[in-house]
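Biologist: Could you take a close look at the charged side-chain pairs in this model, and then follow them into the parts around them? I would like one connected account.

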Amino acid sequence: MATPASSSQEAPVPEAEIDEAPAASSEPQSPEAEARRQADIRDRRLVRRLRAGDQRAFDELVRLYQHRIFGLTLRMLGNRQEAEDVAQEVFITLHRAIGQYRGEGRFYTWLYRIATNTCKNRIKYLRGRNFHRSVPVEETPEAHDPGHDGPSVPLQARIAGPEAMTEGARLQAAIQQELAQLDPEHRLLIILRDIQGLSYQEILNITGLQEGTLKSRLHRARVALKERLAPYLS
């Protein structure tokens, strides 16, 4: 990865969230739950190696999460160059701050918290310069990378019903264009839940919101996006 362009604001290093450890259970687990548990074990091993100075562990963490993080930054910023720069900044912050990750929570939610904070800071910086250039998301497959629990339900189905699926690339481009006009907090929740398919608990760990606040904001965000997309669906 190339060295990222410097920004005027450095993202604050988030504190590690407290979450349950991925302990084995005597109860039968679904394949998805077992896959998550194994991923948590893998991540913790990589983190221990990285904290011990193993550069190969850092490279492996980048390989595992770079598409997911880039998908988030691209959707949040709507510009490929800015998204690439911010994604690189996220991993630089990860490398620098790994000693502050105490391991109480799942690694990927800690990484996502770094990414969301970095995106928010960059959006503030760019707003001060009246900058925004959107990129067609259909040309960027990384933006569709599945979340931690696998592929999410297509956003078109959440916004306007199954008939909207026939619009394909046209609606995807409209979604990205109108998504960029939402408040960043609303934009973030739609990306995490409806595009990347994260669970409510994962989003609570990433954002620090209360469950009622999360659900009410997500509802308002969906309504706002649906209203903005109405002209494309008429």
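Modeller: Glutamate 84 and arginine 80 meet through their side chains in a salt bridge, with N and O 3.6 Å apart, and both residues belong to helix 3, where four residues, about one turn of the helix, lie between their positions. The model is a predicted one, and in it glutamate 84 counts as partly exposed at 27% relative accessibility, as does arginine 80 at 30%.

A second pair, in helix 2, is arginine 63 with glutamate 60, whose closest N and O atoms are 2.6 Å apart; because the two are three residues apart in that helix, about one helical turn separates them. Arginine 63 is partly exposed at 48% relative accessibility, and glutamate 60 is also partly exposed, with a relative accessible area of 26%.

The salt bridge between arginine 222 and aspartate 194, with closest N and O atoms 2.6 Å apart, joins two helices: arginine 222 lies in helix 9 and aspartate 194 in helix 7, so the pair ties together parts that are 28 residues apart in sequence. Here arginine 222 is partly exposed, with a relative accessible area of 24%, whereas aspartate 194 is buried at 0%. Salt bridges with shared partners also join Arg49, Asp54 and Arg56 into one network, and the count for the model comes to twelve salt bridges.

Charged ends also meet a ring in this model: that of arginine 193 sits over the ring of tyrosine 200, 4.3 Å from its centre, and that of lysine 215 sits over the ring of tyrosine 200 too, 5.3 Å from its centre.

Isoleucine 69 touches Ala87, Val90, Phe91, Leu111, Tyr112 and Ala115, leaving aside residues up to four places away in sequence.

Phe107 belongs as well to a cluster in which ring pairs link it with Tyr65, Tyr101 and Trp110. The whole structure holds four aromatic pairs; in one of them, the rings of tyrosine 101 and tryptophan 110 have centres 5.1 Å apart and planes at 40°, so this pair is tilted. Tyrosine 101 is buried at 1% relative accessible area, and tryptophan 110 is buried at 0%.

Note on methods. Residues are numbered from 1 along each chain as its sequence is written. This is a predicted model: local features need pLDDT of at least 70, side-chain atom pairs count only at pLDDT 80 or more; totals for chains, interfaces and linings use all residues. Side-chain values use heavy atoms; hydrogens and water are left out. Rings of Phe, Tyr and Trp (its six-membered ring) pair if their centres lie within 6.5 Å; planes under 30 degrees apart count as stacked, over 60 as edge-to-face and the rest as tilted. Buried means under 20% relative accessible area, exposed over 50%, partly exposed in between (1.4 Å probe, protein chains only). A charge sits over a ring if NZ of Lys or CZ of Arg is within 6 Å of the ring centre and within 35 degrees of the ring normal. Contact means heavy atoms within 4.5 Å. A salt bridge is a side-chain nitrogen of Lys or Arg within 4 Å of a carboxyl oxygen of Asp or Glu.
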